[in-house]
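Have the coordinates open and follow along.

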Amino acid sequence: MYQPTCLLNTWVQENNELVKKWKVRSRAQTHLRWCSSEFYKLLRKTQGVPPHPDHVHLELSVVYNACVCATVQSQFTEAQLLLTQAIQRALQMTSDDPVAPDLPAFWRKVLRSVVNTAFNSCVLDLLCLQWAMWLATCQLKTIQEFKLSSLVETRGAGVGDDKRSEARGKTSDAPLLVTDPRRLVELLQICTSIAQGAERLSEDQSSEALSGLQKASSLPAPRTLVAYVHLLSGSCLSHMNCPQMALQCYRKALETDSCCVCALYQSMLIYRQLGNTQAEIQALRLLHSMLMLPSATVPALAGTHLFSPSLLLCSQSLSSLLLVPSALSVLHNLALKCALHGRVSEGVEHYLDLLAALHSEDQHGVRVYAEAPRLPRLPELYLEAGAALLMARRSADCMALCNEVISTTLELLPERLVLEDPEERSEAETRDVTAEGEDKMAMLLWAGAAYLLQGHCHTHLKDWKQAVNHFTRCINLLVKVRCKKTDMVVKQGSDLCVLQRLKGLSLAGRGIAFTQTNHLREALRDLLLSLQAFPECVGAGLWCGEVLWRLGRRQEAVACWEKTWSFTTQSSAEGLPLYLREPQSGPLLDSKELRHRIQELGPT
Amino acid sequence: MMEGSHSEELYRNPHLLSLSGKIIVFNHTPASCAKDGDRGESISHGHASFERASCRFLKAAPRAVAIGGMKTSAHVDIRCKCAVDVQRRVTTPCVLVTRRSEKGASFRYSLLTLSRSNRLEPCFEFTLPYEMKGSVLRGPTVLWSHAGHVFYTSLQAGEVRQRQIPLPLSHCVFGELPLHRGQVFVLGLHNECEDQTTSRVLGYMVESGQAFDGSVVLPLPYVGITRCMLVLSADKEDGALKVAAVAATSHQQLVYFQNGNVKDTCPLPFQLPEDIQLANTGRNGFLFVISFHQGHVCAVWKETFQIASCWSGVSSVHVDDFLGCGTDQILLFFRDGGVKGLPLDHFLITDLCGISYSHGQDTAAPKQTSPLPENNLLTLQALESRLQSGLTVLQELQREVRVKDRVVQQSVQALNDVSSGRELVLTPPEQEGLSALWDSDDESNDEASDDKTQDMPAVSSNPQIDKLWHRIAEDRIVVGVILMIDSSVPVASVSLSILTETGQSSTPAVIQTQSQVLWLPTPCPSSSSSASTLPEPAAKRCRQRIASTPNDLNTCRMAVTAVSRLTPLLNSGCVKCRVMLHYVQRQDAFSLLSSPTPVVLHCGQVAVDIRSDFQTQLLKNPKLKTDEVKEDLLCLLTVLDRWVFHIDSPDHSLGDIDGWIQKIVGCKRVDVSPQYLLFDSAGPSALILLGWRQITPFQGELSVHSSQLQMLKFLDSLLAYLPVSCSVQPVKDKNLPSVTHLCPC
């Protein structure tokens, strides 16, 4: 009986038993932890005796297994320590002591000294783990400098595998490994390509990124990752101003992996960029239904690989590329697009779905990928839905929604409010105070908008008295706000802008209602005030002309109309909430007829 | 008064032993310090027992024994240990006294034992010319090693014997095997030859003089690094020794061995272990108490093999039942940290599970270092894993309930529908909306139609024979013709036959042959080799070909081959054969009624030359693009068996299979027909022709032309390369290949 082999055989058996047990159910976390501690135990045994050449293969295999366990559990420092210590111990036999200032230098020395030894392949396997750790800790530069892909290429291509199977033929008890190093190399190669692609893309090196990704597309890889490669290629092309080619890539990504929602999202963004509204709406609709699929919530690759791509692909630039807004946010976008682009009834349905989804207590099936573009706050959604309902001529429903907003805000409305210039507000000022002020302001604006919408509803129903009533309530609310400074700049989207717009729209609405009831003086006053608050208001401009015309001030009327026609209609309205747009539902003036009147009037 | 001062002296620098719950104290009193003349050099001894009530050790009056003999000894060293006295069958405290002669040339060793009557009696004495550190073991026996040999002295049968163990051993470890007759043994490395590699572990029973395989106690790598060991149990079963032992190694580990196998290891917090003792704490199990150099002590649970506690600054550690409660406790005497107290005043008695008495310690609480954080961590991990497994079980149950609920609901729904006569409407999967957006162009369709047009035979009045050739492959002959056929007249059932032509008999004999038909592309002069490297869509290639041969639209080329055994030809002594072409011609391709007319055409003669080598041009250089190489390829395609496999990998892309075949398998591309890759390592039996066609990144088709064994070998290595979830299906009922991509020259 030859002693070292006996002990060695026992340990090899122990290792192999563990590997087999590991493979039975490698996915359970507890099992993983158990295996990890068992491998550590075995490693202690094997490292408890002086280093022996016959033991090196086993020892490094056990180190590999223990390291894989640690890495998979994201215990990188432990794994790193294990790795370097084990290699130093193995190299004690070649009487080399690789002391190096940093890890890459250490590995270079190690590789040089083991190049012709029997355990070269074992060390290369461990190098792959080092690669995995570098990748998981986003040290792409090191990986690149080290040229890891070419270093371990032979293992990836299966050369070592042949040797291994030969060895297996000779002795049935070669130490087993928990993962096939070749598969690991394959995964590392594709993941590195993807991470590098994302990195270059974020550094605006799209063409370099693209060529790298093209090379990667022929690598053997899990379906999800192939889809990522196509997706990233698409992003590169879109950065290089090739939207159509980008769309092709996104299509390929989606064909490869039907769960690749971000490809669909990116396609939608391209359609938006191209101004192809119908395709954008279609893509949004698909995106929403995909996000609602329960299968989309399960990460597709959880079990197939020990090393999950999420472990290896953790770079910030990639995750920002893979970001997809939540189903609700997509639904809101869809509803808004529909309402804006002539699909009002569809838009209304989507808005109602959205509100229902927000109300349902258990939001199962709603995936929160990331709330990248935040949903507007609930009252705003109500108001938008109300505006959409009004557009669809469902004024009763619109009024109900507005009542909802008013009833929730009414009690909280301030008596007086001072609007400060956001430019002047210093950083030092306490945040909560301003936040509270902003909240009050928002509340007031919501209530105002709700009254405005109700006024429009009554206008639509030709109930002029009620319309005047509601517009007046809106105006009464709005005048509670005092500006701190008189010469504040009206910036798009700011509270002041919304305030002015509300003021303009409500005065215009009331003016038009007065016109209908033949209170021409009141009407003229309101319409002029409206134009003062919101000069681009088309309705106010046209009706103001009409009132002037009726009052016999025809030249003024003509000037007023001509000035109004010179406005670029709705140019500034794109970014505004739906409820702040000029309604198309009120009494209309036919421009043709007006021009006819001007012609009849003749040159002055 | 005298007694008191004497007692203080004894306890000042003591050697301690524990026996039956008592502490026995030895001390050596040098002659010089004796004040009165009658008192020479002596060893004093006394004992102390623990009193619970006062939490102190009560000391009994010491006695002194003179150890004369040598007039003056330069240096005296004493070591004490408890050992079994074989003759008296009791455990006896033993003291080994070493005295060095003044010149340092000889050493006198005497072993004293403490008798029942509390008298220190000399056991035996011996002199050595060198100094040694002997171990006192059962017998009492003194063992030591010197210059690669092991010696022992014991009092056996009333005489002192000093022996040398007959085998040279290095790295010795001494111990006792708790067999029914306790056996003192020596373990060591024994070199059979001079070179280091063949050393093995040898054990030697001192009492019986038997040698045994020491690896049942300690495996070879551990012998050199073991600093101390303790055998826990030993049994002889069917003559084989079964031993459980623990050893503390210089690699800072406590290792548990069972029959020479490492059962468990525990990393030790200190270096230089010196002794291992076993403490039985009763219900709480056993503790290993390991004492280290420089006063460190560490206790390890036997069950979990985890560190229970550690102490430092310990002067001596003892395991015994000091409290008289039936189980063992650990007694630690601490060094006097500058405090002028008596050494026995500073101690801790504990069993680490409830019992704790201490005295003279800084804090009232037992100075018990908290268990290593690692232990807490392990407990936490265990708890956490229990929690998690419980949670997963719960989740699984919940999932199951949900599924069941759904099934029940659907069943109820279906039942309702059936009873109310409604038809069950299944909602289409939501993904369907997806496919509507994209219009997928199906390339495989194009290709299929492409193939179809090519397979459609063309009509000709008379096939025109382009070339007749033959090859000899091992014991077979392959004859082939290349035909030009007018595609307006379809031909069918094309085959070749070989006729022998002998001088003696006038009737020629037909030799049994197997024919194959391969379609060739019509020659196009402008073809370039670039097509071989750049894989283009099939449709594109097809168009190119048609465009390049506008004149020959209705002619097509066809290779017909026949393979036959060489032996009948050789038997008939024929060197020349006629080759006949058979085919059936139909004037109207679409009229099934018209009767086909079989036609036989004489193609020419071939001369059989058996010396012709199989090492053809193709095998020598697959890069060549001559007619000859083309014929070689056709010959190979005829001779070799053919398999087609469909490879499908649903969730992992296949990668560069073509590159793998070339790079790793070492195949070379056949330039005459770039779809084929040739692997030729040694002789025709190992020949493989491979064709790989990638359909999608996840699917491909592999055709293998080779012997069955080679095909299986290749598939085996391919499977190791392919993703695990890959499926390889043989394609059945596939039409014979048309060599569509054979490059015309």
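## Aromatic pairs

This is a predicted model, and over all its chains it holds 19 aromatic pairs. Start with F106(A) and W107(A), an edge-to-face pair with 6.0 Å from centre to centre and 75° between the planes. Both F106(A) and W107(A) are buried. A pair of aromatic rings is described by the distance of the centres and the angle of the planes.

Now hop over to F126(B) and W144(B). Their ring centres are 5.3 Å apart and their planes meet at 5°, so this pair is stacked; the cut-off for stacked is under 30 degrees. The pair ties together distant parts of the chain: F126(B) belongs to strand β9 (residues 120-128) of chain B, W144(B) belongs to strand β11 (residues 141-146) of chain B, and the two residues are 18 apart. F126(B) counts as buried because its relative accessibility is 6%, and W144(B) counts as buried because its value is 0%.

## A cluster, and charges over rings

Chain B also has an aromatic cluster to look at: F50(B), F57(B), F333(B), F347(B) and Y357(B) form it.

In chain A, R595(A) lies over the face of W565(A), 3.8 Å from the ring centre. In chain B, K302(B) puts its charged end over the ring of F286(B), at 5.2 Å from the centre of that ring.

## A six-stranded sheet in chain B

Next up is an open sheet of six strands in chain B, with antiparallel pairing and the order β39-β40-β41-β42-β38-β43. Its edge strands are β39 (668-669) and β43, each of which pairs on one side only.

Zoom in on β38 (residues 641-648) of chain B, which pairs with β42 (residues 699-706) of chain B in the antiparallel sense over eight bridges. Within that pairing, H646(B) has E701(B) in β42(B) as its bridge partner. β38(B) is also joined to β43 (residues 727-730) of chain B, by four bridges and again running antiparallel. Here F645(B) has P730(B) in β43(B) as its bridge partner. In a regular strand the side chains alternate between the two faces of the sheet.

N518(A) has a positive phi, near 65°, without being a glycine. You'll find N518(A) in the loop between α25 (495-516) and α26 (520-533) of chain A. Is N518(A) buried or exposed? N518(A) counts as exposed, because its relative accessibility is 54% and the cut-off for exposed is over 50%.

F305(B) is another residue other than glycine with a positive phi, this one near 55°. F305(B) sits in the loop between β24 (297-301) and β25 (307-311) of chain B. With a relative accessibility of 3%, F305(B) counts as buried.

## A buried aspartate in a loop

D351(B) is in the loop between β28 (347-350) and β29 (356-359) of chain B.

What lies 3.1 Å from a polar atom of the D351(B) side chain? That would be the backbone nitrogen of I355(B). If you set aside neighbours within four places in sequence, D351(B) is in contact with T281(B), L287(B), W301(B), D328(B) and Q329(B).

## Chain A in overview

Zooming out, the secondary structure of chain A comes to 29 helices and two strands. Of its 604 residues, 52% count as buried. Take the contacts in chain A with a separation of 6 or more: 70% of them are accounted for by residues 24 or more positions apart. As for the surface, the accessible area of chain A comes to about 27,400 Å², and 52% of that belongs to carbon and sulfur atoms.

Note on methods. Residues numbered from 1 in each chain as written. Chains lettered and ligands numbered in written order. Predicted model: local features only at pLDDT ≥ 70, side-chain atom pairs only at ≥ 80, totals over all residues. Heavy atoms only, no water. Phe/Tyr/Trp six-rings, centres within 6.5 Å; stacked < 30°, edge-to-face > 60°. Buried < 20%, exposed > 50% of the residue type's maximum accessible area, 1.4 Å probe, protein only. Lys NZ or Arg CZ within 6 Å of the ring centre and 35° of its normal. Pairing = 2+ DSSP bridges. Polar contact = N/O pair within 3.5 Å; in protein donor to acceptor, adjacent residues only side chain to side chain. Contact = heavy atoms within 4.5 Å. Areas by Shrake-Rupley, 256 points an atom, 1.4 Å probe, with all protein chains shown as cover.
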